[in-house]
Structure formats: structure tokens, C-alpha cells
Amino acid sequence: MEHPLKIGQYYRYTLPTQAVLDYYIQELKGKDGLHGFLPAIKISDEIDASVALGPNEICKHTLYRQNYEIVNKIKGHVSFQTKDDGYIRLRTKYVCASVYQILCEIEKCQDDIERQRPNLANWRHNLSSIETEMSYKQVPVEYYQKMRSAIDSSHMYFERYKAMSIDEGFRDGIFRKVTNDISKYWTIFGLNYTKTSQKIEDKAIGCGVQVFLYTIGFLIFWLIAYAATH
């Protein structure tokens with residue numbers, strides 16, 4: 001990838017990581033609403049244990065990336081109907097914990113970038129805009145690439161989670177805020193998630209405008225030429 005400063009200024013946006021964790025602890029942690037069904041309680045305990053690892057250790061965990069055992073259990077080994085409250089609660093617990101892990105990973109990437117900019121935190125207020133830009137250029141592009149990958153993969157997982165049966169309050173509240181906040185990075189890292197159908201439509205509109213302008217230009221040229229010969 002190009003250095004982010006070539007496609008847009010890099011900013012460290014504040015992510016709602018703590019808000020996601022608070023929501024999990026206050027609304028989802030524990031066995032409430034699982035009807036005492038043993039497999040569901042076991043899965044719930046596994047998710048709780050993952051969140052309890054903390055922001056540093058959870059980045060090394062495999063909750064959403066490699067360990068599909070929990071997902072498979074939720075899908076096929078827990079005897080809930082998909083619209084049951086217990087099923088929705090368990091799914092929401094999983095999604096919320098996964099979102100928390102993703103945000104922790106992105107924050108780690110942010111921290112790594114900050115550490116590559118020596119002493120910037122101490123003398124940021126003394127910098128001119130040019131010096132501030134140069135301080136970002138001191139960061140090797142691979143650190144931005146790592147963060148770009150984290151942002152890119154988060155979009156794939158978030159789209160998957162949107163399709164799951166999860167609590168609507170969580171979906172419309174904290175989850176929507178997370179997706180909106182992460183989307184601030186898309187332009188910086190040159191990520192385009194426009195649907196293919198929309199891209200085709202936009203291209204068609206663009207071509208139509210071009211044809212219209214060419215037609216107008218040709219007509220004006222013809223009128224000028226006609227007036228000059230008569």
C-alpha cells in the first residue's frame with residue numbers, strides 16, 4: 001500500500017472499546033437467560049473467559065479468527081430455535097466479545113504506530129503542521145499496512161455479524177457506533193466497500209454524464225462553425 005499520507009492524513013480516532021466492554025459486562029456476562037441448558041452455559045462460560053483475558057491477551061486469543069468451535073456449537077449443538085431469547089442472547093454474547101477483540105487489535109496497531117513516532121506525545125503542541133506530517137512519515141509503512149489489514153478484516157466480520165440473529169438493542173446501539181467509528185479509517189487506507197451493483201450504477205451514471213457533456217460540446221462547436229460560415 002502507499003503511505004497513508006499520500007492518500008489522506010492519518011489520525012488516531014478514539015474507538016469505543018471500553019464502551020463495548022462495559023456493555024458486555026453489564027448486559028451479557030453470566031448465564032442469565034440461558035434456561036439452565038448445560039451446553040449453552042458451557043459456551044457462555046468460554047466466551048466470558050475470553051473477555052476476561054483483558055485487552056492485551058485477547059489479541060492473542062482465537063475467539064473470532066481461528067476457533068470456530070464456539071460458533072459451531074452455537075449453530076448446531078445448542079437446542080434453541082433461532083428466534084429463542086436464549087439463542088439470541090448467546091449469539092449476542094459471541095458477537096460482542098468478538099467486536100471487543102477486534103477493537104483491541106486495532107488499538108494495538110494504533111499504539112504501535114504511536115510508538116514509532118519518537119517523543120511525539122511530549123512535543124506535539126510545539127509542532128508546525130509540516131513537522132507533524134514529517135513525524136508520521138517516520139513511521140515505516142508496514143505498521144500502517146498491519147492496521148489496514150485489521151480494519152479490512154473487521155469489515156468482513158462485521159458484515160457477517162450483521163446477518164446473525166442478535167439483540168436489536170445491541171445491533172442498533174453499540175454495534176452501529178462501532179461500525180460507524182471504524183468506517184472513518186476507510187478513506188485513509190484506501191478501502192472501498194461499495195457494493196458491486198452500486199459501483200456499476202455509479203459508473204453508468206458517470207458514462208452518461210460524459211456522453212451528455214461531449215454532446216453539448218459538439219453542439220456548441222457545430223453552432224460556432226455554422227455561424228462562422230453564414
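This is a quick look at one helix pair and a few salt bridges. Keep in mind that the model is predicted.

Helices first. Two packed helices are described by the angle between their axes and the distance between the axes. Take α2, residues 17-28, and α6, residues 85-115. Their angle is about 155°, and their axes lie 9 Å apart. Over 145 counts as roughly antiparallel, so that is what α2 and α6 are to each other. The crossing of α2 past α6 is left-handed.

Who touches whom? On the α2 side, the residues include Val20, Leu21, Tyr24 and Leu28. On the α6 side, they include Cys96, Val99, Tyr100 and Leu103. By class, this contact has 11 nonpolar, two polar and four charged residues.

Now salt bridges. Side chains of opposite charge can pair when their charged atoms come close. The whole structure has 11 salt bridges.

Stay on α6. Arg115 bridges to Asp112, with the closest N and O atoms 2.4 Å apart. The two are three residues apart in the helix, so about one helical turn separates them. Arg115 is exposed, at 58% relative accessible area. Asp112 is buried, at 12%. Lys108 joins in: Lys108, Asp112 and Arg115 form a salt-bridge network.

Next, α3, residues 38-51. Lys42 pairs with Glu46, closest N and O atoms 3.8 Å apart. These two sit four residues apart, about one helical turn. Lys42 is partly exposed at 49%, and Glu46 is partly exposed at 23%.

Last, α10, residues 168-182. Arg176 bridges to Asp172, closest N and O atoms 3.7 Å apart. Again, four residues, about one helical turn. Arg176 is partly exposed at 47%, and Asp172 is partly exposed at 42%.

Notes. Residues numbered from 1 in each chain as written. Predicted model: local features only at pLDDT ≥ 70, side-chain atom pairs only at ≥ 80, totals over all residues. Heavy atoms only, no water. Axes fitted to C-alpha atoms, helices over the stretch in contact; angles between N-to-C directions. Parallel < 35°, antiparallel > 145°, perpendicular 65-115°, else oblique. Left-handed = near helix turned anticlockwise from the far one by under 90°. Contact = heavy atoms within 4.5 Å. Nonpolar A, V, L, I, M, F, W, Y, C, P; charged D, E, K, R; others polar. Salt bridge = Lys/Arg side-chain N within 4 Å of Asp/Glu carboxyl O. Buried < 20%, exposed > 50% of the residue type's maximum accessible area, 1.4 Å probe, protein only.
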